Amino acid sequence: MSLLTVYDDNQAQQGERYSDFAAIESQLKAINVVFERWAANCTFAADADQATILAAYAEPIARLQQQYGFQSVDVISLNADHPDKAALRQKFLAEHTHDDFEVRFFVEGCGLFYLHVGDKVYVVLCERGDLISVPAHTKHWFDLGENPCLKAIRLFTTPDGWVANFTGSDIGASFPTLAQTLAGLS
């Protein structure tokens with residue numbers, strides 16, 4: 001289940017929660033974030049490589065490239081056995097921006113996006129089939145969890161792909177983690 005919680009950036013204990021897809025889409029549209037539900041009907045082996053995943057979704061990737069002028073496409077694929085999972089998680093948990101507009105399409109698993117816009121933090125639980133954009137220069141971070149299980153296609157408008165400009169802020173430490181968010185759903 002996709003989920004959005006909107007917090008004041010100085011009040012990480014209380015937020016307004018949205019679980020209805022149309023409400024999530026509307027809230028995010030107000031901050032220029034695209035949030036869509038796409039068909040993610042391919043099943044992959046745990047060790048499926050990037051080429052296999054990109055080939056399975058070649059048609060929607062081509063549409064996105066044409067629509068937004070994306071120049072770089074890759075796949076982040078992590079599971080609980082990944083040897084660099086802790087280091088990758090720490091890197092993504094640090095608030096950062098990108099100079100380009102980017103999109104993530106979750107083809108397996110889930111993750112938690114945090115978008116820091118103005119004095120609000122929009123925390124978006126993305127799962128299989130969710131497509132989310134991050135506008136250029138938007139402060140954000142991402143929690144893939146302590147034991148990740150996700151495959152997501154990442155598209156960028158620059159040929160360099162994922163290049164982060166870290167803000168140096170520790171704001172991310174104040175907000176619920178992926179595990180805490182998922183535990184709150186049960």
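**Reading a buried serine, a helix and an aromatic pair**

Guide: Ser133 lies in strand β8. The model is predicted.

Visitor: Is Ser133 buried or exposed?

Guide: Buried means under 20% relative accessible area. Ser133 has 0% relative accessibility, so this serine counts as buried.

Visitor: What does the side chain of Ser133 reach?

Guide: The Ser133 side chain comes to 2.7 Å from the backbone nitrogen of Val34. Leaving aside residues up to four places away in sequence, Ser133 touches Asn32, Val33, Val34, Phe101, Glu102 and Val103.

Visitor: Now the helix. Which residues of α3 are buried?

Guide: In helix α3, residues 58-68, the buried ones are Pro60, Ile61 and Leu64. They cover an arc of only 100 degrees around the axis, and therefore sit on the same side of α3. The face turned away from that buried side carries the exposed residues Glu59 and Gln66.

Visitor: What do the buried residues of α3 pack against?

Guide: Their partners are α2 (50-56), β4 (72-78), β6 (102-117), β8 (130-134) and β10 (150-156). Just after α3, Gly69 takes a positive phi of about 75 degrees.

Visitor: How is a pair of aromatic rings described?

Guide: By the distance of the centres and the angle of the planes. The whole structure has 13 aromatic pairs. One of them, Phe113 with Phe142, is tilted, at 4.8 Å centre to centre with 50 degrees between the planes. This pair links distant parts of the chain, as Phe113 in strand β6 and Phe142 in strand β9 (residues 139-143) are 29 residues apart.

Visitor: What is the relative accessible area of Phe113, and of Phe142?

Guide: Phe113 has 3% and is buried; Phe142 has 9% and is buried. Elsewhere, Tyr7, Tyr114, Trp141 and Phe175 form one aromatic cluster.

Terms used:
Residues numbered from 1 in each chain as written. Predicted model: local features only at pLDDT ≥ 70, side-chain atom pairs only at ≥ 80, totals over all residues. Heavy atoms only, no water. Buried < 20%, exposed > 50% of the residue type's maximum accessible area, 1.4 Å probe, protein only. Helix = DSSP H or I, 4+ residues; strand = E, 2+ residues; numbered from the N terminus. Arc of directions from axis to C-beta. Contact = heavy atoms within 4.5 Å. Polar contact = N/O pair within 3.5 Å; in protein donor to acceptor, adjacent residues only side chain to side chain. Phe/Tyr/Trp six-rings, centres within 6.5 Å; stacked < 30°, edge-to-face > 60°.
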